[in-house]
Amino acid sequence: MNATSKIPITRQTAIALGFWSAIFASVFTILLVLIAIGTSLMFPIKAWNGIQTYAENFNFLDMTSFIPAFFLAPTMVILIACINAIAPASKKIFSQIGLAFAIVYAAIIPTNYYLQLFVVRLNLQSGTLEGLSILAQPNLHSIFFALETLGYGFLSLATIFISFVFTSGKLEIWMRSLFIVSGAVGIFGVLVAPFDQPYLIFAGLGLWSLAFPISTILLSIFFHRSLK
């Protein structure tokens, strides 16, 4: 009889799902970061000069980072649901709150990206620009930017709450610390966004781009060890 057969089937399923969802979360986040860096180099961020200028210079490649970001959201819901499933009873309140916040994040962010890929892109390509500036991604005063900040704010709350599940051992302490760092950065972005300080948000995003994928990679190691 191997070690995994001694694990109750529901817990074993949660651990296996947790492992693979942590892997996919890491891959989607790394792709998101790399594509965002690549497109920012290809299409440097410029001051918003109106929807007409954006339409004239629009390139679909500038939206490609939305694709892995879109899939990251449901993956994180699965991942946090798996954390909740294996969390000790005394800590389930934290994982359940984290799961609730993750669901809100997963409702906002994919919707936001789908609107960009579908509504904004098609209207830009067809030349139907009236009223589009309030939705366009480069406009830092747009609905997109507000929802982006808010959505990742809920993910940040989720990661902070699930951090309380991990309290013992070096691996868990590292995960907890990284979840708190990435969560604090996201909440900071929500707080400063209404004050029109985008560079503070972008600086925080740089820190998140390091802390968050490392935390999901460590989570995959945690789940892999739990199978043994």
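This is a predicted model: local features need pLDDT of at least 70, side-chain atom pairs count only at pLDDT 80 or more; totals for chains, interfaces and linings use all residues.
Local features need pLDDT of at least 70 and side-chain atom pairs count only at pLDDT 80 or more, while totals for chains, interfaces and linings use all residues. Residues are numbered from 1 along each chain as its sequence is written, and side-chain values use heavy atoms, with hydrogens and water left out.

Two packed helices are described by the angle between their axes and the distance between the axes. Helix α5 spans residues 143-163. Its axis lies 8 Å from that of α6, at an angle of about 150 degrees. α5 is thus roughly antiparallel to α6 (an angle over 145 degrees). Helix α6 covers residues 169-192. The axes of α6 and α7 come within 8 Å and cross at roughly 150 degrees. These two helices are therefore also roughly antiparallel to each other.

The loop between α6 and α7 contains D196. This residue has a positive phi of about 55 degrees, although D196 is not a glycine. Most residues other than glycine have a negative phi. D196 is partly exposed, with a relative accessible area of 42% (partly exposed lies between buried, under 20%, and exposed, over 50%, with a 1.4 Å probe and protein chains only).

Helix α7 runs over residues 198-226 and includes L205. L205 is partly exposed, at 44% relative accessible area.

Notes:
Helices (H or I, at least four residues) and strands (E, at least two) are DSSP runs, numbered from the N terminus. Axes are lines fitted to C-alpha atoms, for helices over the stretch in contact, and angles run from 0 to 180 degrees between N-to-C directions. Angles under 35 degrees count as roughly parallel, over 145 as roughly antiparallel, 65 to 115 as roughly perpendicular and the rest as oblique.
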